[in-house]
Amino acid sequence: MVRTELVNQVPVADRCFYNWMMVVICGIFVFHSLSFSAEAIEVDNSISRASNSFNYPAFPKELVRRIEGKDPSHTELNNQVDPLLNQDWGLANIGFFNSFTPLVQATRAEVSSCSPTIVVAVIDTGIDYTHPELKNNIWINRNETGAWGSKDLASTSCRDKSCNGLDDDGNGFIDDVAGWDFVNNQPLPFDTHGHGTHIAGIISSESSNGLGTTGVCPGVSIMPLKYYDTGSNGMNNLQNTVRAIQYAVRMGAHIINYSGGGGEPATAERMAVEEANRKGVLFVAAAGNDGHNNLQAPYYPASYPLDNIIGVASVNQKNQLLSSSNFGIPVHIAAPGLSILSTIPNGKFGMMSGTSQATAFVTGAAALLASQTIGKSPFDFRKIKVWILNGTKSLPGNENRTIVSSGLLSISGSLAEVYSQTKIKRKGPAIALIPVSKSNRKFQQ
Ligand SMILES: [Ca+2]
Ligand SMILES: [Ca+2]
Ligand SMILES: [Ca+2]
């Protein structure tokens, strides 16, 4: 029985001949297969205490400045070329760059600077929150920050709620200033694996900062929730998944990205996603990388019949469904998923493949659409889902309707849906992207 796995597991033939990084990725991801007993899980609701036994990096000073309210301008464009942008075929194929054309008439600033008030929970392997592409976009728990205590107190050297050893906001997690590591039960959700950092980068990498490429929704707030670790078993992964979903919903995430899953349903997990539904949270989930029809062999959580779920298949550069990608209704949409360039830990960039990556593109698109409308109307996952699914384009050669219920993700198509169905006024003429063709940067190693 296979349950709660990361879904980068495309066949070796699909993904292992691109570069050295792909060889590494294949080595990491091919052999995950985790087992559990589907219904026999209990979710621990006791207060989670911080552990001092991990040497994960402290949150960077830029994040601390944001916590202290001294650096609110992180989303401003600084107009430096993102040197790897021209290698980001995924952005091109989903019409990201066409969003700046007169047809759609979004300005680059609109599309390249999402609202930090939109919160995306990335339930994954954690995130390298020190990565220069991501560190400015990490979600902050405002009620676990701020000055605390007196200088006369001898019990701790910390004078801030983020490190005082107390659950200041009473949510059951001590010092959870920027997410939570459910694997190790501590407040630094650092990514020692790579998968979560890659997902976060596809969604939110900073734009025009002279580094890497750009996320679909740069500047959106990312809530890192670490549920997965190669050292833990499938049962723990599932329990941590449930707790992470519950945390995301309670702490106000608008969108949850879940690039994992398995073939067995679990009542506790379904209940958590149902609660997300009731609270208006969009749940974007990978369709899985087994190459099968999810109608015949469901893949969870993507296959739960809940209307806040968008299930995502993966395609290659020619918009052909990967042979590894699951398909069939209720898989809603397809997105790029082969050799996707994004962030990996320690400030690096690399490529990964699978419906995990495709899921992140759809999540980024949902966040982008939400950023267009937030402040003008409440976040409404049903509208977001309709805009995304109505904005798709057909998948050539894939017998569109039998593979996914919609088609290929299209940012420009979805934005056009938003602008045609709302009273949002365009702010001005489109402006061109900074050309990147002269860049000769290589992947960092
Ligand atoms: Ca807390
Ligand atoms: Ca605290
Ligand atoms: Ca960048």
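**Helix packing and the parallel sheet**

Helix 9 passes helix 10 in a right-handed crossing, where right-handed means that the near helix is turned clockwise from the far one by less than a right angle, and left-handed anticlockwise. Helices (H or I, at least four residues) and strands (E, at least two) are DSSP runs numbered from the N terminus. The structure is a predicted model, in which local features need pLDDT of at least 70 and side-chain atom pairs count only at pLDDT 80 or more, while totals for chains, interfaces and linings use all residues. Residues are numbered from 1 along each chain as its sequence is written, and chains are lettered from A and ligands numbered from 1 in the order in which they are written.

Helix 10 covers residues 381-390, and its axis lies 10 Å from that of helix 9, at an angle of about 120°. Axes are lines fitted to C-alpha atoms, for helices over the stretch in contact, and angles run from 0 to 180 degrees between N-to-C directions. Helix 9 and helix 10 are therefore oblique to each other; angles under 35 degrees count as roughly parallel, over 145 as roughly antiparallel, 65 to 115 as roughly perpendicular and the rest as oblique. Val362, Ala365, Ala366, Leu369 and Ala370 of helix 9 meet Ile384, Trp387 and Ile388 of helix 10, a contact being a pair of residues with C-beta atoms, placed from the backbone, within 7 Å. By class, these residues are eight nonpolar, no polar and no charged. Nonpolar here covers Ala, Val, Leu, Ile, Met, Phe, Trp, Tyr, Cys and Pro, charged covers Asp, Glu, Lys and Arg, and polar covers the others, Gly among them.

Helix 9 (residues 355-373) also packs with helix 6 (residues 195-204), at an angle of about 35° and with the axes 8 Å apart. The crossing of helix 6 and helix 9 is right-handed. Helix 6 contributes His195, Ile199, Ile202 and Ile203 to this contact, and helix 9 contributes Ser356, Gln357, Ala360, Phe361, Thr363, Gly364 and Ala367. Six of the residues in the contact of helix 6 with helix 9 are nonpolar, five are polar and none is charged.

The protein as a whole has 12 helices and 11 strands. Of its 445 residues, 55% are buried, that is, have 20 or more other C-beta atoms within 10 Å of their own, against 12 or fewer for exposed residues and values in between for partly exposed ones, with C-beta atoms placed from the backbone. Glutamine 421, in helix 12 (residues 411-421), is exposed, with 12 other C-beta atoms within 10 Å.

Seven strands form an open sheet with parallel pairing, in the order 3-4-2-5-7-8-9; two strands pair if DSSP finds at least two bridges between them. Strand 3 (180-181) and strand 9 (333-336) stand at the edges with a single partner strand each, so one side of each has no neighbour in the sheet. Strand 8 (residues 309-315) runs parallel to strand 9 and is joined to it by four bridges. Valine 312 stands opposite isoleucine 333 in strand 9. Helix 7 (residues 234-250) packs on the sheet and touches strand 2 (119-124), strand 3, strand 4 (221-226) and strand 5 (255-258), with its direction at about 170° to that of strand 2.

Helix 7 also packs with helix 8 (residues 267-278), at an angle of about 15° and with the axes 9 Å apart. Helix 7 is thus roughly parallel to helix 8, and the crossing is left-handed.

Technical notes: Contact = placed C-beta atoms within 7 Å.
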